[in-house]
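The following account leads the reader through one protein model, from its overall make-up to selected features of its surface.

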Amino acid sequence: MLLPLLAICVSAQGQAPVEIEHVVSVNGQDGTIEFEAYIEPGFHIYSTDLPKGGPMPTTVTFRVVEGAELVGALTPGEGAINKFDATFNMNVSYFEETALFTQKVKFLGGKYRLQGTLRFQSCEDGGDCVPGRYDFDITGEAEMPKAVATPIKKENVPAVIMPEIKKEPAAEKPAVKPAEKPEKPVVEQKKETEAVAVAVPVAVEDTTAVVEDVVNEQVAGDLWAPVIDKMNVETEDHSSLWLIFVLGFGGGLVALLTPCVWPIIPMTVSFFLKRSKQRAQAVREAIIYGVSIVVIYLLLGIAVTLIFGAGALNALSTNAIFNIFFFLMLLVFGASFLGGFELTLPSSWTNKVDEKAGNTTGLLSIFLMAFTLVLVSFSCTGPIIGFLLVEVSTSGEIMAPALGMFGFALALALPFTIFALFPSLLKQTPRSGGWMNTIKVVLGFVEIAFALKFLSVADLSYHWGLLDRETFLALWIVLFALLGLYLLKIIRFPHDDASDRTTSVTGFFAGVISLAFAVYMIPGLWGAPCKAVSAFAPPMSTQDFSLYDNSFKPHTDDYETAIEMARRQNKPVLLDFTGHGCVNCRNMEASVWSDDRVIDIMRDKYIVASLYVDDRTPLAEPFEAIINGKKVLLETVGDKWTYLQNHKFGGSAQPFYVPIDNDGNPLCGSHSFNLNVDDYVEFLEKGLDRYNK
């Protein structure tokens, strides 16, 4: 007895110009789900039976199958157009005006539920293509089978059924009939395990590979199964912490030379020497003063870590809102240093702290005096501290803000102690003058140049296409050319003495260096690697035009696609875990990947997949991963590759290179940031040797 169940729903999620309806038919224990697509003129959608590497086929994914079993795969109806597509260099099959896709089902009796998604790609003839989806949730009740007394209920298993080439006819659809094909045996779904729950949605659903009737869950699970015990993951290089300390110390030395700090040094040292009758006491108080400065800035660094948290500090490096905020903040700081305006804290703050310092004695008095220095010098130190905190916070190191502030404060505090110990040195120090304002202006140019880096990170992570490599280099060329002209005193700013037109010898050489640096970057507009700025400039892949052919471009940016390509070509895979905001990654690409030996090996003997852990492109469908025993929803491409690197290979820093075989097993250990080309070549050849054996 035929029981037509109406489940006709116009797709609210289907991408115009395609509308999808579905109809469920039940005849005893046999049934079908028919998806009919109505396509506007001038558009088409693809069939299910497409070759690898072609356009997106039409597929169906079932997330819930209760009271039923799926029989065979999704089959297309008649009327498909077969044509050679020059874009993909292959024959493709697609539908115009209408299309019918049928999924056969065997009902087990009683209540049933079928929930899932039909995915397709609608393309304008000769134009753009847009992915589309149609979600459905089908419920009903079927007849009980005669041989069974009670209904059988299936487990809730996310079954993924992929397309086949030969199809079976659908009932009551004379206009669009599927091709004849014998019915396939019922697909027996495997019970979901924790590992499969993590791996299957990514390894199967995100690819368009044509597979057999039953999804090979074991293969999908193996591709994502942890292999940490099979490889020697390199110990993460914490030398960057030393670099952060050096960066902070250098920032403190620069802050010393600004007009807000340098003139205060002799005044403060003289105050301590005159305040105490005994020199030993004066030295002790000067040391306490310096320690107080260190404590204040160290507390600032710790506060940044506590406010944002360890995970958030790493997320800052690619978050669009934060990167744009950093970009605007550094622009403001740069404009302040150029003389556009002066950043100052409310005078009431300084007055209150100064008053407290005068009314107290002992250690508290010295600490408040140090705090007064911090407030008074903010107009000069604030932009430097802001730039430093932005740089170190986006490094991903949890200790970075505190360590950077410690280095900054140590450099700032040392002169007060040293000059208190050796007062005669004060006579040999240069006097205040216009040279300090020159330092501020130079810092202004530097901060504006680095502000562009943060705009670039947001642009790359979200694929806005606003700041490609040529645009970035053009702006840097102009900035450093203007800086050179300023140092040669050809151009002046509001705080400069207009009557002083004499260029010092130091200024002359500094101006020549800045102009030479600008000239050095000019060939980069036509694709030259410009290794000196590769860590900050957008990657070569954003270059619109290049006259140089000494750069390597990865074969793909997808893990499963790389595995499939490697199987077809019988090559190993080199996974490159990288990031748009990764400075060391750009250094490796410019200094190591540009070597001819490296290019030849990676281009001809490997399939290279660059997996961007900070790519904010949303996944077609979020999926759950088990992280530290908890279910976490991964929603972006970057989340997916971050999970793969950590869960499968045990790595967390970038760059992170892993050679693997065609089943996802590591061939040797990992390789991280190392600019020695010979070491990298040896690493690649070791992976090849293991693969060939």
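The model is predicted. The protein contains 19 helices and 17 strands. Of its 693 residues, 50% are buried. Among contacts in the protein with a separation of 6 or more, 74% join residues 24 or more positions apart. The protein exposes about 32500 Å², and 59% of this area is supplied by carbon and sulfur atoms.

Ile287, Val291, Val295, Leu299 and Ile302 make a nonpolar surface patch of about 380 Å². Leu299, one of these residues, belongs to helix H5, which covers residues 279-308. The relative accessible area of Leu299 is 51%; Leu299 therefore counts as exposed, since that class requires a value over 50%.

Asp679, Glu682, Glu685 and Asp689 gather on the surface in a patch of negative charge. Glu685, one of its members, lies in helix H19, formed by residues 677-692. Glu685 has a relative accessibility of 39% and so counts as partly exposed, because this class lies between the limit of 20% for buried residues and that of 50% for exposed ones.

In outline, then, the nonpolar patch includes Leu299, a residue of helix H5, and the patch of negative charge includes Glu685, a residue of helix H19.

Key
Residues are numbered from 1 along each chain as its sequence is written. This is a predicted model: local features need pLDDT of at least 70, side-chain atom pairs count only at pLDDT 80 or more; totals for chains, interfaces and linings use all residues. Side-chain values use heavy atoms; hydrogens and water are left out. Patches are made of residues with over 30% relative accessible area and no salt bridge: like charges are joined within 9 Å, nonpolar side chains (Val, Leu, Ile, Met, Phe, Trp, Tyr) within 5 Å. Accessible areas come from the Shrake-Rupley method with a 1.4 Å probe; for residues, only the protein chains shown count as cover. A salt bridge is a side-chain nitrogen of Lys or Arg within 4 Å of a carboxyl oxygen of Asp or Glu. Lys and Arg count as positive and Asp and Glu as negative; His and the chain ends are not counted. The place of a charge is taken as NZ of Lys, CZ of Arg, CG of Asp or CD of Glu. Helices (H or I, at least four residues) and strands (E, at least two) are DSSP runs, numbered from the N terminus. Buried means under 20% relative accessible area, exposed over 50%, partly exposed in between (1.4 Å probe, protein chains only). Contact means heavy atoms within 4.5 Å.
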